[in-house]
Each structure stands twice: as C-alpha cells, then as structure tokens.
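Dear colleague,

Please find below the structure that I am handing over to you. My notes on it follow directly after.

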Amino acid sequence: LTSLNHGAYDFILRPYERGQLKLAVERASLHKELELKNKVNSARLNLRHSEAIIGECDEIKNMLQSAELTSQLNGNIIIYGEPGTGKKLLAEYIYKNSDRANKFFLPIDCSRISDQILERDLFGYEKEMSLDSKTSQQGVLELLDGGILLLNEISEVGFTLQSKLLHFIETGEFRRIGGVVNLNSSIKIIATTSKDLKEEVEKKNFRQDLYNRLNGIVLNVPPLRDRGGDIIMLSEFFLQRRSTVRSTKKLASDTKVELLRYDFPGNVSELKYIIERAFFLAEGDTIQPQDLRIPRELNNYSNFIGDSGKMLTIEEMEKSHIKAALEYYNWNRENTAHALGISIKTLYSKIRNYKLM
C-alpha cells in the first residue's frame, strides 16, 4: 500500500504465475501511455486558462520584449530565475507567441520524478522481451513532435540522462529504451533552472556540452523584491480573483507598506499564498497588516541559542528553520520548497533526514 501511495500502479501477491506478471506489466504500460497522452492533451487545454504575466516595471517589460523576439527563433531557450518567480508562465508566453502555437506544449518538472521514470516518459520503450509483453510505449518526444517541451529545473537531471538529452538536442534523433531503430522528432526545448548552471558545471553536476547547447538563448525572470510597485498590482490581482460580487476586499494603506517592505524569498508564489490566506483571515472588507502574517526578521542572537544554552549547530539551525517553514506554509511542500529556494526532492530528503514527520 505504501508503494501504491508513492506512484506504483499495482502489486502482485506471492506466489504468482508468469501470466499474472505479464498481464500486470501490459496493463501498467497501457495505463502509462494513456497517462502521457492525457498530459500532452490537457497541457494544451490548460494554456487557455493560464495566468497572464502581470507587471509594469522595466524589468518585466524588457523580459517580455526579449521573450517575444526569441519566440520566433528555432533555438532552444533557458530561463533563469529564483523559485516562484514565474519561469513556467514565461515559457507559456513564448509558446503562445511562437510559430509552434498550433502544436503541443508540455511542461515536465524534473525535480519531482526520478531519472529512470523521466527517461521512460521522454523516450518511450520497446516491449519487455523477458516478460513476453506485447506492449510498447511512445514517449513524449514522439507525441510532442513539432511542439515545445518545457523541462522545469533541468539542473536536477542526472549525468547519464543529460548525455541522452544532449544527443537528441544535437541530432533530433533518439531511440526508445530497449529499441534498435533511430526515431526523429522536431521539438523545441525550453529549460528552466533556479540554479546557476555555470556553477553546476564547475561542480561537475552538469555537463559542459549540454550547458553550451542550452545557453544560446538566455532569459532571466527578476525576483519579486526587485519589481517595486508590481507587488501591489499582483496583490490586487490575486484579491480580485478570490473576490465575488458579495465578497470584495481591498488592501489597507498600511498593508501595502508592509507588502513593499517584505523581500518575498518565495517570490510570486509566496505572495499569492499570503494574499489568498489573508483574504480568508480578514474579518472585514479591508485586509490589515496583521492578516498577512508576514514572518518577522530575526533581530537578536537568542534565536541561535538552544535549550542547553549553547550556540546551535548549522544542522540544528537548518532543521529548526525547515520545520518553521513547513509549519508556516501548513506543510505545503511545494510552497515551502519555493520559499526555501530548494527543490521538492531536496525538501523531502531533509524531512526524512531530520525526522520531521
């Protein structure tokens, strides 16, 4: 049951017959292929209702102007930005303005799935001869031919899979896992990352040749703290979206000052969460500063002293900080990871290591 909760399709009790295993594999393969096709189709439908990029600061205007120009180019694109800044929204903007807008668009979050699953999803696989399975599966690269593939947080992809991605980017050719026939697909890749890929190359975490291939067209999404009045504009947008004819709320003047004073480590994602929570916490029709529940900065050394009276170690401080962040975001892992500037994978690893569950 634990395995099913973590993504397993089915289970078989021992002892089992060969036919049972073969049938289970065929069902799982068909389920996965339908799941991938549904993802590709639903991603295109979801774009019709996706959020617009809101902002009037110079950084946003320049970013959109650059994105519109690059959308007409055939080269692959890499988008840099802190977690929660809206890198996916920018990728969608590029897609809508490109000559591939009549084709498919699919985002894949590399930080949420293992390399093994990601490889199978991307390249597909041939039938499992050892199990006499009669099923093969198309991968995203086949299904998305002519469209745009968004690889979110590409820095989380392992070295082995990076080399296969590099080969596809260079040649347009790939093979299904277990296959012997070269297949072709014309896909434009947009990659996003919240890490400095040049530093990752120096740390031997990312391939230099793949970095060179992706680094031709580069876009940067500014952090929310550098966007000035856009903070209020976005806040009012999130409020308006939550409001109804019978329930409309506005920001008090002091609340606007409080929002502009905060540096938003979780960027737009954190602002959205704070405003939506304040909407429900506010008793009247005006949101007051206390409704925001913005965390206060540490202002003395007592926060670094443990119960024993000794200075906390780095690990103890990290554990305490992660626990506080999880509680602040009501144990929403995605919002917590964005606010902390780490991937979902890293957050889950730290939760396990520090036994926070």
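The notes below go from the whole chain to a sheet, a helix pair and some single residues.

This is a predicted model, in which local features need pLDDT of at least 70 and side-chain atom pairs count only at pLDDT 80 or more, while totals for chains, interfaces and linings use all residues. Residues are numbered from 1 along each chain as its sequence is written, and side-chain values use heavy atoms, with hydrogens and water left out.

The whole chain

The protein chain holds 16 helices and 9 strands. Helices (H or I, at least four residues) and strands (E, at least two) are DSSP runs, numbered from the N terminus. Of its 357 residues, 42% count as buried; buried means under 20% relative accessible area, exposed over 50%, and partly exposed in between (1.4 Å probe, protein chains only). Among contacts with a separation of 6 or more in the protein chain, 74% come from residues 24 or more positions apart, where contact means heavy atoms within 4.5 Å.

Five strands form an open sheet in the order 2-3-6-1-7, with parallel pairing. Two strands pair if DSSP finds at least two bridges between them. The edges are strand 2 (105-109) and strand 7 (217-220), each of which pairs on one side only. On average, and with direction ignored, neighbouring strands are turned by 20° against each other. For such values, axes are lines fitted to C-alpha atoms (for helices over the stretch in contact), and angles run from 0 to 180 degrees between N-to-C directions.

Strand 3 (residues 148-152) is mostly covered, with 5 of its 5 residues buried. Ile 148, Leu 150 and Asn 152 point one way from strand 3, whereas Leu 149 and Leu 151 point the other way. This may be read beside a general rule: in a regular strand the side chains alternate between the two faces of the sheet. Strand 3 is also joined to strand 6 by 4 bridges, the two running parallel; here Ile 148 stands opposite Lys 188.

Strand 1 (residues 77-80) pairs with strand 7 in the parallel sense over 4 bridges, and its pairing with strand 6 is likewise parallel, over 4 bridges. Ile 77 has Ile 190 as its bridge partner in strand 6 and stands opposite Ile 217 in strand 7. The partner of Ile 79 in strand 7 is Leu 219. Both faces of strand 1 are covered: Ile 77 and Ile 79 on one side, and Ile 78 and Tyr 80 on the other, are all buried. Helix 3 (residues 58-70) lies across strand 1, strand 6 (188-193) and strand 7, and runs at about 155° to strand 7.

A helix pair

Helix 5 (residues 115-123) packs against helix 7 (residues 159-171) at an angle of about 20°, with their axes 10 Å apart. Helix 5 is therefore roughly parallel to helix 7, since angles under 35 degrees count as roughly parallel, over 145 as roughly antiparallel, 65 to 115 as roughly perpendicular and the rest as oblique. In this contact, Asp 115, Leu 118, Glu 119, Leu 122 and Phe 123 of helix 5 meet Leu 161, Lys 164 and Leu 165 of helix 7. These residues divide into 5 nonpolar, no polar and 3 charged; Ala, Val, Leu, Ile, Met, Phe, Trp, Tyr, Cys and Pro count as nonpolar, Asp, Glu, Lys and Arg as charged, and the others, Gly among them, as polar.

Single residues

Most residues other than glycine have a negative phi, and most peptide bonds are trans. Lys 204, although not a glycine, has a positive phi of about 65°. Lys 204 is found in the loop between helix 8 (197-202) and helix 9 (208-214), and counts as exposed because its relative accessibility is 65%. Phe 264 also has a positive phi, of about 50°, and is not a glycine. Phe 264 is found in the loop between helix 11 (253-261) and helix 12 (267-281), and is buried, with a relative accessible area of 0%.

Finally, Ser 235 lies in helix 10 (residues 230-242). With 0% relative accessibility, Ser 235 counts as buried. Not counting residues up to four places away in sequence, Ser 235 touches Leu 251, Leu 259, Leu 271 and Ile 275.

With kind regards
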